[in-house]
Amino acid sequence: MFFTRTHNFHFSVPKDDLKNRLIGEHVQIHNLDFEILDKGERKLSIVPHAEQVDAIKTLPITNVDLQEDGDHTRVVVTSRIRAIDSGGPMLIMIICSMLIGASAVLMFVGGEPVITYAALGIGVGILAIFMVRMQMGYFDYVRKVRAYVKSKALANEAGVSYS
């Protein structure tokens with residue numbers, strides 16, 4: 001929910017041609033391999049191969065929906081967090097919201113100002129650090145996967161070949 005991103009594109013490339021350009025390809029992002037799999041008539045899935053990764057990483061699974069729209073192809077790229085990775089970020093979001101909520105309640109009931117502002121500062125500080133880390137990690141993977149799909153569709157239009 002918080003970590004799902006959806007992007008819509010319209011390309012002049014036929015659906016089957018775009019699908020053939022993407023299926024079976026491997027994408028290297030930050031020394032991590034992503035594979036593109038066929039999930040049926042209109043769907044593709046881009047999944048990370050994180051079996052050899054020792055570090056704790058939050059990685060996206062991306063679904064690509066291809067729809068023919070006249071002489072254009074409508075591409076919907078939806079990235080969501082892997083279920084195995086969602087526990088830590090959700091726990092941090094819950095803790096931050098509880099700290100910020102508790103400080104808001106303490107402000108209205110006239111609680112101790114030091115505790116109130118300390119809880120608010122800690123909640124906002126943790127949330128800020130968390131969001132910066134997510135932008136450098138998880139959302140960077142999302143941006144680069146989206147850019148890869150877009151580059152494969154635009155390769156023919158610009159006369160450039162990506163391999």
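Predicted model: local features only at pLDDT ≥ 70, side-chain atom pairs only at ≥ 80, totals over all residues.
Is Thr 58 buried or exposed? At 18% relative accessibility Thr 58 counts as buried, because the cut-off for buried is under 20% relative accessible area. Leaving out residues up to four places away in sequence, Thr 58 touches Ile 81, Asp 85, Pro 89, Met 134, Tyr 138 and Tyr 141.

In general, nonpolar side chains in soluble globular proteins tend to be buried together. In this model, the largest nonpolar core has 23 residues, and those with the most contacts inside it are Leu 18, Phe 34 and Val 75. At least two residues of this core come from each of β1 (5–11), α1 (15–22), β2 (26–29), β3 (32–38), β4 (43–49), β5 (60–69), β6 (72–81) and α4 (138–158). Which of these elements gives the most to the core? That is α4, with five residues. Taking Leu 18 as an example, and setting aside its neighbours within four places in sequence, we find Leu 18 in contact with Phe 11, Val 13, Leu 66, Thr 73, Val 75, Lys 152 and Ala 153. There is also a second, separate core of eight residues, which includes Phe 3, Ile 81, Phe 130 and Met 134.

Asp 17, in helix α1, is partly exposed, with a relative accessible area of 30%. Leu 37, whose place is in strand β3, is likewise partly exposed, with a relative accessible area of 29%. Apart from residues up to four places away in sequence, Leu 37 touches Lys 43, Leu 44, Ser 45 and Val 47, while from Thr 6, which is 31 residues apart from it in sequence, Leu 37 is 19 Å apart in space, C-alpha to C-alpha.

How do α2 and α3 pack? Helix α2, residues 87–109, and helix α3, residues 113–136, pack at an angle of about 155°, with their axes 8 Å apart. That angle makes α2 roughly antiparallel to α3, and α2 passes α3 in a left-handed crossing. The residues that meet include Pro 89, Ile 92, Cys 96 and Leu 99 on the α2 side, and Tyr 117, Ile 122, Ile 126 and Phe 130 on the α3 side. By class, this contact has 17 nonpolar, three polar and no charged residues.

Ile 126 lies in helix α3 and, at 36% relative accessibility, counts as partly exposed. Not counting residues up to four places away in sequence, Ile 126 touches Ile 92 and Cys 96. Ile 126 and Met 93 are 33 residues apart in sequence, and their C-alpha atoms are 9.2 Å apart in space.

I will finish with a distance that links this pair to the earlier part of the talk. The C-alpha atoms of Asp 17 and Leu 99, which are 82 residues apart along the chain, are separated by 51 Å.

Methods:
Residues numbered from 1 in each chain as written. Heavy atoms only, no water. Axes fitted to C-alpha atoms, helices over the stretch in contact; angles between N-to-C directions. Helix = DSSP H or I, 4+ residues; strand = E, 2+ residues; numbered from the N terminus. Parallel < 35°, antiparallel > 145°, perpendicular 65-115°, else oblique. Left-handed = near helix turned anticlockwise from the far one by under 90°. Contact = heavy atoms within 4.5 Å. Nonpolar A, V, L, I, M, F, W, Y, C, P; charged D, E, K, R; others polar. Core = buried A, V, L, I, M, F, W, Y, C linked by side-chain atoms within 4.5 Å. Buried < 20%, exposed > 50% of the residue type's maximum accessible area, 1.4 Å probe, protein only.
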